Amino acid sequence: MIRSEHEYREAVNRIDEEAGRLEQQEEKLVEMGLGPDEVKRAMDPMMSFHQQLKDEVETYERLRRREFDELRNFEGMGQLLVALRIAQGISQRELADRLGVHESQVSRDERNEYHGVTVERAQRVLDALGVEVRSLVEKVGGQQLVAS
């Protein structure tokens, strides 16, 4: 997951650079006399990594536009906390200042996607970001139990 503008710029540059390298690699494989299936097998791992990086860039761009995925049963809460910071254009350093912790703590938390975060700690981050999370409780099968 891309977590900063710096990482984003590096990823965009890397995509551009790799696109050229991928094209050159494919040409070399063809020149070596490999058939289409062999070229595809050789290129698939590189193409997969390239696509993953493009997907991460697209996700970061969606977050900056404040487009979030739905949170279900608190799965992905850590990713949501990172996404909310990115969407607001707040740096890890600024969030750390708001929380009264060192920037390295925020960096470590985000790298681990706030794994095992307590409800109290998640609330501190939400408060520092000036946002609230609302819930809709549904019975499995879609029946709404609590109005939102």
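How many aromatic pairs does a search of the whole structure find? I searched the whole structure and noted one aromatic pair, where rings of Phe, Tyr and Trp (its six-membered ring) pair if their centres lie within 6.5 Å, and planes under 30 degrees apart count as stacked, over 60 as edge-to-face and the rest as tilted.

Before going on, I wrote down that this is a predicted model, in which local features need pLDDT of at least 70 and side-chain atom pairs count only at pLDDT 80 or more, while totals for chains, interfaces and linings use all residues. Residues are numbered from 1 along each chain as its sequence is written, and side-chain values use heavy atoms, with hydrogens and water left out.

**The ring pair.** I found that Tyr 8 and Tyr 60 are stacked, at 5.2 Å centre to centre and with 25 degrees between the planes. Tyr 8 belongs to helix H1 (residues 5-31) and Tyr 60 to helix H2 (residues 36-64), so the pair ties together parts that are 52 residues apart in sequence; helices here are DSSP runs of H or I with at least four residues, numbered from the N terminus. I looked up burial too: Tyr 8 is buried at a relative accessible area of 12%, and Tyr 60 is buried at 4%, where buried means under 20%, exposed over 50% and partly exposed in between (1.4 Å probe, protein chains only).

**Glu 110.** I then turned to Glu 110, which I located in helix H5 (residues 103-111) and which is buried, with a relative accessible area of 0%. Leaving aside residues up to four places away in sequence, Glu 110 touches Arg 3, Val 82, Arg 85, Gln 92 and Leu 95, contact meaning heavy atoms within 4.5 Å.

Technical notes. Helix = DSSP H or I, 4+ residues; strand = E, 2+ residues; numbered from the N terminus.
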